[in-house]
Amino acid sequence: MNDKQALDRRDFLGSITKAGILSAVGLAPVAKAAASFVEAPLAGEHKFLCPPYLQNPAPTGMTIMWLSNKQCYSWVEFGETAALGTTANNSKEGLVDAYDRIHRIRLEKLKPNTTYYYQIKSKEITEFQPYKLTYGETISSDTFSFKTPEANPKEVSWLVMNDIHDRPKSIPHLMGLNKDPYDFVFFNGDIFDYQEDEQQIIDHLLIPAGDSFASVKPFIFTRGNHETRGKFRRELGNYFDGNYAFAQTWGPVHFTVLDTGEDKEDTHPVYAGIVNFDQYRIEQAERLKEIVKTPAFKKAKFRVVMMHIPHYYSGDWHGPMECRKHFGPIFEANKIDLFLAGHTHRFGIHQPVPGQHSYPIVIGGGPKDGNRTLIKVHATQKDLKLVMLKDDGSEVGKVELKSKR
């Protein structure tokens, strides 16, 4: 993965309008949104609300995020040894990010395939007047480490979880089933039942993920239909570094991730006239037509699509049928190799069916005990191997593909 192939997740819908991604329906630039999102300070001792978690990995960069309960100025100290030695903050247009509780620091100019150690630090701002700023206590984390991806990797491995539905203990349990190396974890939607408040995001994702892996390995998140529900749904994207829909290449795999939206009609009474997912899917389909023309897509050894709602094997609800209408013909015409989804709560591997889909469709299970799954994928220049594990560790299906390019 070279710099141009990095996990640059902010431009999937960038060419939809002349105004670019700032105008893309449903894909607000979350890095900007997070910087401006400020809640009132929480009471009590100054503390971190979750472990640091890694986002947006690249051969020369990594984003580190965390939350504090007080408005702060925050930074990262990092280096190639535990002695650290380098300090990084985030600034834009001459202003350093401060008076925030959601902290996002992008480390740049890193070396590919290199281990870095880091600590996060947050200094409380107790008073912020136009001409007077007063600091309070500084808190520091333990020292963690991560490894940057190779510049041109020959292989990639990742894990997939879906449909956790506010059962945070499922995350460490499923992660414990894996004994093999991996590059990142992909959350393929419906990690929550709906978006109620920040505490839900902390308790049901950021803490269990951070405690299990996310301080040393990055995760990527895309929405399911349940993440489009609830009064806090528009704030969810502030907690990640990237968009819900994107395309990128990592080694032999070109990934296309789509945001499938809701499974009901936009006119359904529960939405009270304030959703527009039909148009959003059309816009993604238009961008998808451009993605499949790119050299990155055409030259990839494997073309993998991941999205929450499968366009087959999920009934004839509005959402699946819209995905089939808008996305299915593009997948078929451009010969994708593998499709990963969730949503149905019925795990299964569906082999190609002539006249419908010429690629395997893999659907993860969940959320109840006995139905939860962990999907493991490893791709080299020659082959791709997928294994699906049930929550008792037993294998319930696999896919093996040979590169056609």
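Two strands pair if DSSP finds at least two bridges between them. Helices (H or I, at least four residues) and strands (E, at least two) are DSSP runs, numbered from the N terminus. This is a predicted model: local features need pLDDT of at least 70, side-chain atom pairs count only at pLDDT 80 or more, and totals for chains, interfaces and linings use all residues. Residues are numbered from 1 along each chain as its sequence is written, and side-chain values use heavy atoms, without hydrogens and water.

Strand E10 (residues 156–161) pairs with E19 in the antiparallel sense over 5 bridges. Trp158 has Val377 in E19 as its bridge partner. Strand E20 (residues 383–390) also runs antiparallel to E19, joined by 7 bridges. Here Leu374 stands opposite Leu389 of E20. A hairpin through 3 residues links E19 to E20.

Buried means under 20% relative accessible area, exposed over 50%, partly exposed in between (1.4 Å probe, protein chains only). Strand E19 (residues 373–379) is largely enclosed by the rest of the structure, because 6 of its 7 residues are buried.

## Helix H3

Buried residues of H3 include Ile201, Leu205, Leu206 and Phe213. The buried residues of H3 pack (contact: heavy atoms within 4.5 Å) against elements including strand E1 (53–58), strand E2 (61–79) and helix H2 (170–175).
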